[in-house]
Number of protein chains: 2
Amino acid sequence: MFARGLTPPYYAVIFTSTRTDGDGGYDATSERMGELAEKQPGFLGVESARGADGLGITVSYWKTLKDIKAWKEVAEHRIAQGRGKQAWYKHYETRIALVERAYAKL
Amino acid sequence: MFARGLTPPYYAVIFTSTRTDGDGGYDATSERMGELAEKQPGFLGVESARGADGLGITVSYWKTLKDIKAWKEVAEHRIAQGRGKQAWYKHYETRIALVERAYAKL
């Protein structure tokens, strides 16, 4: 999935992670969360990659901080966050960042 | 490579790309740019992943906007940027973002 050519300012949620072994329902939940996020107010797009070394980076883009907070509090998403913390991720870090400028070869 | 537990505020450069076919010197230059970036003033860390669908995401972290501008202007880096634009990338987008908050399972 791509999120190209958005006009700043807007917000980015940079989520970096390393997974534990096995699936344990991760793939299905990940897909479901993508579907849910797309329906949220203020959602602008998402880009995701996981490399051979196991590091995953997902960046989702949002109109406002309020939209990000609302998505964080969605009940089904909160359950997924809990399972992520307990079972799916060895490490993760979530960064909330204001995109001030952007340039591209689109 | 990981960049964990930095204390906001600081800057993130989110670089997303899709590659053209073949290497054409890309891997060697990519490695060299990583080495050079680490020596730059204000460099805090970098995280990179490229997925099976070809989308690559590299996020580098910097103390200030001035440090990012200085790195962009480094002569050897400018040459690499030119080759990237002309030869290595089908598409790319660079976003400069101020990290306002972060939370983690480290």
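This is a predicted model: local features need pLDDT of at least 70, side-chain atom pairs count only at pLDDT 80 or more; totals for chains, interfaces and linings use all residues.
Two strands are taken as paired if DSSP finds at least two bridges between them.

Strand β2 (residues 43–50) and strand β3 (residues 55–62) of chain A are antiparallel, with seven bridges between them.

The contact between the chains involves 44 residues from chain A and 44 residues from chain B. About 3,900 Å² is buried between chain B and chain A, with carbon and sulfur atoms contributing 52% of this area. On the side of chain B, the most area is lost to chain A by B:Arg95, B:Tyr103 and B:Lys105, which together account for 19% of what that side buries.

Polar interactions also cross the interface, where 25 residue pairs are in polar contact. Two salt bridges are counted between chain B and chain A. A:Arg95 forms a salt bridge with B:Glu47, with 3.4 Å between the closest N and O atoms.

The side of chain B that touches chain A draws at least two residues from each of β1 (10–19), β2 (43–50), β3 (55–62), α2 (65–73) and β4 (89–105) of chain B. Of these elements, β4(B) gives the most, with 17 residues. By class, the residues of this side comprise 24 nonpolar, seven polar and 13 charged.

Notes: Residues are numbered from 1 along each chain as its sequence is written. Chains are lettered from A and ligands numbered from 1 in the order in which they are written. Side-chain values use heavy atoms; hydrogens and water are left out. Helices (H or I, at least four residues) and strands (E, at least two) are DSSP runs, numbered from the N terminus. Contact means heavy atoms within 4.5 Å. Buried area is the accessible area (1.4 Å probe) that two parts lose on being put together, summed over both. A salt bridge is a side-chain nitrogen of Lys or Arg within 4 Å of a carboxyl oxygen of Asp or Glu. A polar contact is a pair of N or O atoms within 3.5 Å; within protein, one must be able to donate a hydrogen and the other to accept it, and residues adjacent in sequence count only if both atoms are side-chain atoms. Ala, Val, Leu, Ile, Met, Phe, Trp, Tyr, Cys and Pro count as nonpolar, Asp, Glu, Lys and Arg as charged, and the others, Gly among them, as polar.
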